[in-house]
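Hi,

Here is the structure I promised to pass on. Have a look at it first, and my notes on its charged pairs follow below.

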Amino acid sequence: MKLLLVGINHNSAPLSVRERVAFVPEQIHLALQDALACGLGEELAILSTCNRTEIYALGGEGDAVDGAKMLDWLSRFHHVERSHLDDCCYISRDSQALQHMMEVAAGLDSMVLGEPQILGQMKSAYALAAEAGTAASGMHQLFSQVFSVAKQVRTDTAIGENPVSVAYAAVSLTQHVFSKLSKCTALLIGAGETIELVARHLREKGVKRIIIANRTLERARQLGEEFQAEAVMLSDIPAYLRDADILVASTASQLPILGKGAVEVALKKRKHRPMVMVDIAVPRDIEPQVAELDDVYLYTVDDLREIVDENKRARESEARKADQLIVAAIEEWQARLRSRGAVATVKDFRAKAEGLRDAELERARRQLAKGEDAAVVLEQLARGLTNKLIHSPTTQIKEAGAKGRNDLVDWARELLQLRDQDREN
């Protein structure tokens with residue numbers, strides 16, 4: 001099976017481009033089925049997060065995994081001009097693609113180096129592909145290898161110590177404006193894993209009042225119970241916006257949830273006390289025009305780079321250890337692929353040897369049935385089997401020597417594990 005990876009991430013494209021090709025969870029099943037129907041691969045999976053969209057395809061030796069066709073499909077599916085993707089997307093294959101997947105799963109390719117969320121997101125991507133019927137044994141083996149290496153990186157290095165994520169970076173930004181977070185009120189929009197991490201970090205920083213607004217009130221209440229937070233509907237946001245010193249948004253909405261007008265009204269009621277807003281969502285939850293307002297500090301995921309870079313420096317040595325683990329895993333995977341080419345030869349050789357064995361064994365049984373001496377029969381069995389097993393290799397080695405092919409003779413000695421002292425004896 002051939003592996004193709006087509007992707008776009010925070011290193012290759014700005015947020016304005018990434019959000020146009022992002023897949024919301026509800027789209028992925030349809031997208032996978034459509035890609036499969038278009039012949040883009042025999043097995044497919046899609047990973048889509050706030051920082052990246054990557055498509056993984058497995059296919060045969062032909063055009064089943066074609067990068068240009070994949071970009072055409074991505075352009076058509078999201079109604080984005082192909083020219084806008086050419087300079088932003090990356091394409092890799094086989095071992096290079098597998099290495100990239102391992103680096104992503106281990107958090108080595110994340111904006112926040114070593115962040116743990118991405119592994120769970122990759123597991124979800126595989127699960128969605130399995131549910132959609134586009135992931136079979138090939139994807140199972142591929143993702144199993146990726147998850148195994150990611151786990152090893154977490155176990156054998158300190159890359160995961162002092163967990164740092166986009167959520168952590170978002171909370172860290174608020175400290176640049178508010179010296180005492182304990183006096184702040186936080187309004188969180190969404191109730192997914194990222195918002196859960198934000199709530200946890202805010203609690204750890206001493207924030208006492210947290211309000212969680214979500215499309216479904218039940219989910220907001222579930223999260224609210226864990227962090228002693230108030231739960232409200234998205235429609236209630238205007239009523240609570242005036243109290244929000246900190247606002248963090250992370251939903252899967254295709255349209256902005258919070259507009260400039262609503263924030264202007266809230267600022268007047270707050271008597272222009274500052275507000276810190278962090279929009280982690282892709283596409284964005286907060287209209288970009290909100291940044292034009294005085295007393296509002298609006299950050300997007302791209303604004304987290306400074307914090308991210310600092311974390312990268314702190315974890316650089318552990319990341320190098322992780323790189324070594326991944327390189328070793330890739331070499332092992334390549335060796336396993338190469339060994340598959342010899343499987344047929346090994347099977348044929350074993351079948352031939354077993355055939356010779358069976359013939360000699362049958363001959364010995366007939367001799368014993370005639371009453372011949374057992375010791376003599378065993379000696380003839382051993383000699384006959386030995387002669388037949390070594391006949392073909394011996395003939396080929398002699399022929400190679402006669403032709404001056406000393407390289408083949410040396411290779412035969414290595415293959416048969418013949419030591420130099422054996423020659424002297």
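With which residue does Arg200 form a salt bridge? Its partner is Glu226, and the closest N and O atoms of the two are 2.9 Å apart. Please keep in mind that this is a predicted model.

Glu196 forms a salt bridge with Arg219, with 4.0 Å between the closest N and O atoms. Glu196 belongs to helix 9 (residues 193-204) and Arg219 to helix 10 (residues 217-227), which puts them 23 residues apart. Glu196 is partly exposed at 22% relative accessibility, and Arg219 is partly exposed too, at 28%. Taken together, Glu196, Arg200, Arg219 and Glu226 are linked in a network of salt bridges.

Now to another part of the chain. Arg18 forms a salt bridge with Asp302, and their closest N and O atoms are 3.0 Å apart. Arg18 lies in helix 1 (residues 15-18), while Asp302 lies in the loop between strand 10 (296-300) and helix 13 (305-314), so the pair ties together parts that are 284 residues apart in sequence. Arg18 has a relative accessibility of 3%, so it counts as buried, the cut-off being under 20%.

For the overall tally, the count comes to 22 salt bridges.

Best wishes

Methods: Residues numbered from 1 in each chain as written. Predicted model: local features only at pLDDT ≥ 70, side-chain atom pairs only at ≥ 80, totals over all residues. Heavy atoms only, no water. Salt bridge = Lys/Arg side-chain N within 4 Å of Asp/Glu carboxyl O. Helix = DSSP H or I, 4+ residues; strand = E, 2+ residues; numbered from the N terminus. Buried < 20%, exposed > 50% of the residue type's maximum accessible area, 1.4 Å probe, protein only.
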